[in-house]
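This report walks through one structure.

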Amino acid sequence: MATDSSNGHHQATKQPPLPSPLRFSKFFQSNMRILVTGGAGFIGSHLVDRLMENEKNEVIVADNYFTGSKDNLKKWIGHPRFELIRHDVTEPLLIEVDQIYHLACPASPIFYKYNPVKTIKTNVIGTLNMLGLAKRVGARILLTSTSEVYGDPLVHPQPESYWGNVNPIGVRSCYDEGKRVAETLMFDYHRQHGLEIRVARIFNTYGPRMNIDDGRVVSNFIAQALRGEPLTVQSPGTQTRSFCYVSDLVDGLIRLMEGANSGPINLGNPGEFTMTELAETVKELINPTVEIKNVENTPDDPRQRKPDITKAKELLGWEPKVKLRDGLPLMEEDFRLRLGVGKKS
Ligand SMILES: NC(=O)c1ccc[n+]([C@@H]2O[C@H](COP(=O)([O-])OP(=O)(O)OC[C@H]3O[C@@H](n4cnc5c(N)ncnc54)[C@H](O)[C@@H]3O)[C@@H](O)[C@H]2O)c1
Ligand SMILES: O=C(O)[C@H]1O[C@H](OP(=O)(O)OP(=O)(O)OC[C@H]2O[C@@H](n3ccc(=O)[nH]c3=O)[C@H](O)[C@@H]2O)[C@H](O)[C@@H](O)[C@@H]1O
């Protein structure tokens, strides 16, 4: 059954298709078959770890390895409840599943700007393909949208009701406008075809397995601190972000998928920091001898960002538990191992 969303604006008109007849066969095992697109990436691989903890779940990952890697999933390769497919979501995928977590899309600005046409295809055609799959098999589908749909926000903190301030022709548009269209597609499939949808608007998330040198601020600062290189604060340094530890985020995604509300729902940590404050914290916790330097910024960088998570608290009973000062050291160990930098005695 399709559910109404909390604000009642997007009433579904049709029922989704029935699940496969096998569901009613007496030999059917009541496993939940879950597709995670982008499951070889940073958030996706942590989500897979959590889904695999439940013995009733079978997990299928579809990923083209653009920014993800098999290494992130190595502990599951060969497991009977796990399957890994090299697949680009801009091509159709014909499989049978009960739920789809649709994450596939490069997330770091360096990577999503590298081939912007491909990024927008991934967001638009990729989401259309996954919605088509969900429609054919009657699966519930969750999209990982982003706080970038709010653009350079004129409302602070950002509630889900805010429509955003986005440059439609800028260098970030392939990502932020791409995600806005992906959200539109989700709600149109819900209204037109009765699909069960869930939309998460994720705010900056960090943790182990982020790509080293992927350009995102937390991974940059930690790698720089461990290598003894200056921390590069992009000017003016007063721009703010709110950083959520990945285990909290994964918990929010699963609650959203399992709950009754379509969203969109903000998932993020409301603790807000300037980039200069973040650099000072990394310096203090990881390498007090390192220098902090100001460097040029990129166009259209949002000046402030902080989630209003009232909806997540009320509808999902969710709020983040890990503070930035506790999360950064949890990430340090993984970066030390991958960079081959030992702990100072
Ligand atoms: N990490 C964040 O702070 C953040 C914030 C907001 C939204 N999100 C969203 O969460 C999702 C995951 O982000 P992440 O931080 O784990 O990024 P990531 O780059 O580590 O993971 C993305 C994964 O998608 C795969 N992928 C990219 N294009 C694909 C395609 N065309 N077909 C198949 N696979 C493809 C990549 O190889 C990678 O494994 C993304 O949709 C991103 O937009 C992340
Ligand atoms: O939360 C979100 O919705 C989005 O957040 C990030 O986008 P952004 O906030 O621009 O992430 P970063 O590249 O980590 O930049 C954060 C801030 O740090 C600054 N920065 C970045 C890198 C660096 O070395 N130094 C530095 O000061 C940037 O100028 C920016 O102001 C993600 O990369 C997007 O995928 C995600 O959708």
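## Domain and model

Over residues 35-329 the chain is 37% helix and 18% strand, and its end C-alpha atoms lie 31 Å apart. Helices (H or I, at least four residues) and strands (E, at least two) are DSSP runs numbered from the N terminus. An unreviewed UniProt entry gives residues 35-329 the feature "domain: NAD(P)-binding". UniProt positions follow the numbering used here, feature names are shortened, and annotations may be inferred rather than shown by experiment.

This is a predicted model: local features need pLDDT of at least 70, side-chain atom pairs count only at pLDDT 80 or more, and totals for chains, interfaces and linings use all residues. Residues are numbered from 1 along each chain as its sequence is written, while chains are lettered from A and ligands numbered from 1 in the order in which they are written.

## Shell of ligand 1

Ligand 1 is surrounded by 28 residues. A residue counts as near if its C-beta atom, placed from the backbone, lies within 6 Å. The closest are Gly-38, Gly-41, Thr-67, Gly-68 and Ala-107.

Helix 1 (42-52), helix 3 (116-137) and strand 5 (140-146) each supply at least two shell residues. Helix 1 has the largest share, three residues. By class, the shell holds twelve nonpolar, 14 polar and two charged residues. Ala, Val, Leu, Ile, Met, Phe, Trp, Tyr, Cys and Pro count as nonpolar; Asp, Glu, Lys and Arg as charged; the others, Gly among them, as polar.

## Shell of ligand 2

Around ligand 2 there are 21 residues. Ala-107, Thr-146, Ser-147, Val-217 and Gln-234 are the closest. Helix 5 (217-227) and strand 8 (231-234) each supply at least two. Strand 8 gives the most, with three residues. The classes are seven nonpolar, ten polar and four charged.

## Gly-268

Gly-268 sits in the loop between strand 11 (265-267) and strand 12 (272-274). Is Gly-268 buried or exposed? Gly-268 counts as buried because it has 28 C-beta neighbours inside 10 Å. The cut-offs within 10 Å are 20 or more other C-beta atoms for buried and 12 or fewer for exposed, with partly exposed in between; C-beta atoms are placed from the backbone.

Beyond neighbours within four places in sequence, Gly-268 contacts (C-beta atoms, placed from the backbone, within 7 Å) Ser-147, Ile-202, Phe-203, Ser-242, Cys-244, Pro-307 and Ile-309.

## Helix 6

Helix 6 (residues 246-258) has 13 residues and reaches 18 Å from first to last C-alpha. Its buried residues include Val-246, Leu-249, Val-250 and Leu-253.

Conventions
Contact = placed C-beta atoms within 7 Å. Expected span 1.5 Å × (residues − 1).
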